[in-house]
Amino acid sequence: MKVISRKPSSLIDSLPRTPIATKKGTVAVVGLGYVGLPLLLLSEAKGFKAIGVDTDRAKIDALKNGQAPEITKTEMARLRGNKIKLSTSAGILKEADIVVVCVPTPVHEDHKPDLRPLKSATLSVAKYLQPGTLVVIESTVNPGVCEEVLIPLLERVSGLTAEKDFYFAHCPERINPGDREFTVANIPRVIGSSTKESGDRAEGFYRAILDVSMLTRVSLKEAESVKMVENAFRDVNIAFVNELAMSFDKLGIDLTHVIRAASTKPFGFMPHYPGCGVGGHCIPVDPYYLIDYARKNGFSHKFIKTARAINNQMPAYTIKRLKAALNTVGKELKGTKVALLGLSYKRDVADCRESPAMVIREKLRQAGASVIAFDPLYTDENTYSTLEETLKEAKVVVIATDHTLFRQLKPETLEEHNISILIDGRNCLSKKTFAGSSVIYRGIGR
Ligand code: SAJ
């Protein structure tokens, strides 16, 4: 496992080496999804007494049976072994010295921030908050949410005063779902606090569980801003190449070759890749939190908003590529059987939140196409169960998620099923191998 390490700065050198929290050593994690569960397991593995709280009874029952996505057999045994307390009831939080909140922060249909899950979790924490407890928020929030929403809520309901009776810090999560190299244990973290004491206590906790020395200390608003900036940075860079893709499709230039060649520049260039859209619970969501907060404070973001608009139009652009390919053979989309390969938002990940593939499926249906969808990691009432049966019925194929299974698709497989068109929404197949086949290949930006 690659451990990132750097000689800590003099400030960090002066910090107490013995993590303050381990004096009593009980950590409670509220929200046991792809962020909270790994943190809970890591805390327990590093010697803390661990408590997991989630409102989802089915999830708690599954965890008690050692069932959860992407955990090791050892972790399953530890969950089953009752060493980790798991509950849907927040009352158990009374036992914790440290409470870490890891719940989703989605947006509403109109892209306005939806803090309901976070407020509800914070309310549960407040109801059972004990003096001396450290509260850490890992959920992604825009600047101002900690000081203007969460701390007042904790104080009002608990009757305790922040920085006097309890400690508070914000340490934005940096989990990359599906990443086996960068994990909760080795990703550097940023810790925001309004006082040194709270920051020290939070740093003591993270030092006790993480294999990294790079823990950067900033203010609460700066920590909230770090995550917003990280993810808006990624969104605008993806929008940049998506706009280039639409331009280069007109110019007949293969953008993927251009990006690969530009990446040979060892400085000043960071490759991103065009595709059928931007999904997930982070990249397409977090910029809206920043846009909304800036608007409320008198600034209207243009560039970040434009990037969101460009990325949001990529599902429609992908269908436009399909329509254009169908037109070259005198066909139209209405009535065409389309195999949609992939529904999740990211390669080899089962999560469909904000997935562009779902938008493509809906738009294909609205255009009168008959959609046959298949995803090896996701099923619903309208999905097929195998790639074979999906291809058997289809006339054209759209790849919306570059799952490993789809990256092995060969032109001859499509020819065997009389499939005439392939739209590669993730540019994950070799255009060259299709050149010699009867299958019309179109990518995004190539
Ligand atoms: N995507 C592109 N082109 C790219 C990169 C991604 O179209 O060049 C699309 C993906 O297909 C996906 C969406 O954007 O639909 C998001 O992809 P992602 O790789 O950013 O995946 P996420 O959402 O899991 O992002 C996480 C984020 N981690 C956190 O928020 C803590 C993000 O900050 C990381 O940069 C990202 O992982 C990562 O680097 O993989």
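Biologist: Which residues come nearest to the ligand?

Modeller: This is a predicted model. Among the 19 residues around the ligand, Asn176, Asn231, Arg234, Tyr273 and Tyr345 come nearest.

Biologist: What classes make up the shell around the ligand?

Modeller: Eight residues of the shell are nonpolar, five are polar and six are charged.

Biologist: Which backbone atoms lie by a nitrogen atom of the ligand, that of tyrosine 273 and that of isoleucine 175?

Modeller: For tyrosine 273, a backbone N or O atom lies 2.7 Å from a ligand nitrogen. For isoleucine 175, a polar backbone atom is 3.2 Å from a nitrogen of the ligand. The ligand exposes 740 Å² when taken alone, and the protein buries 84% of that.

Biologist: Why are cysteine 102 and cysteine 282 called buried?

Modeller: Buried means under 20% relative accessible area. Cysteine 102 has 9%, so it counts as buried. Cysteine 282 has 13%, so it is buried as well.

Biologist: What makes strand S10 largely enclosed?

Modeller: Strand S10 covers residues 370-374, and four of its five residues are buried, so the rest of the structure largely encloses it.

Biologist: How do you know that S9 and S10 pair?

Modeller: Pairing takes at least two bridges. Strand S9 (residues 337-341) and S10 are joined by five, so they pair, and they run parallel. Within this pairing, valine 338 has valine 371 in S10 as its bridge partner.

Biologist: What joins strand S4 to S5?

Modeller: Four bridges link S4 (residues 98-101) to S5, and the two strands run parallel. Valine 101 stands opposite isoleucine 137 in S5. In S5 (residues 134-137), Leu134 and Val136 point one way, Val135 and Ile137 the other, and all are buried.

Biologist: Why is valine 125 called buried?

Modeller: Valine 125 sits in helix H5 (residues 116-127). Its relative accessibility is 2%, under the 20% limit, so it is buried.

Biologist: What is the phi of glutamate 163, and where is this residue placed?

Modeller: Phi is about 70°, positive although glutamate 163 is not a glycine. Glutamate 163 lies in the loop between helix H6 (145-158) and strand S6 (167-170).

Biologist: Which other glutamate has a positive phi?

Modeller: Glutamate 354, with phi near 55°. It is found in the loop between S9 and helix H13 (356-366).

Biologist: Why are glutamate 163 and glutamate 354 called partly exposed?

Modeller: Partly exposed falls between the buried limit, under 20%, and the exposed limit, over 50%. Glutamate 163 has 26%, so it is partly exposed. Glutamate 354 has 42%, so it is partly exposed too.

Methods
Residues are numbered from 1 along each chain as its sequence is written. This is a predicted model: local features need pLDDT of at least 70, side-chain atom pairs count only at pLDDT 80 or more; totals for chains, interfaces and linings use all residues. Side-chain values use heavy atoms; hydrogens and water are left out. A residue is near a molecule or strand if one of its heavy atoms lies within 4 Å of it. A polar contact is a pair of N or O atoms within 3.5 Å; within protein, one must be able to donate a hydrogen and the other to accept it, and residues adjacent in sequence count only if both atoms are side-chain atoms. Accessible areas come from the Shrake-Rupley method with a 1.4 Å probe; for residues, only the protein chains shown count as cover. Ala, Val, Leu, Ile, Met, Phe, Trp, Tyr, Cys and Pro count as nonpolar, Asp, Glu, Lys and Arg as charged, and the others, Gly among them, as polar. Buried means under 20% relative accessible area, exposed over 50%, partly exposed in between (1.4 Å probe, protein chains only).
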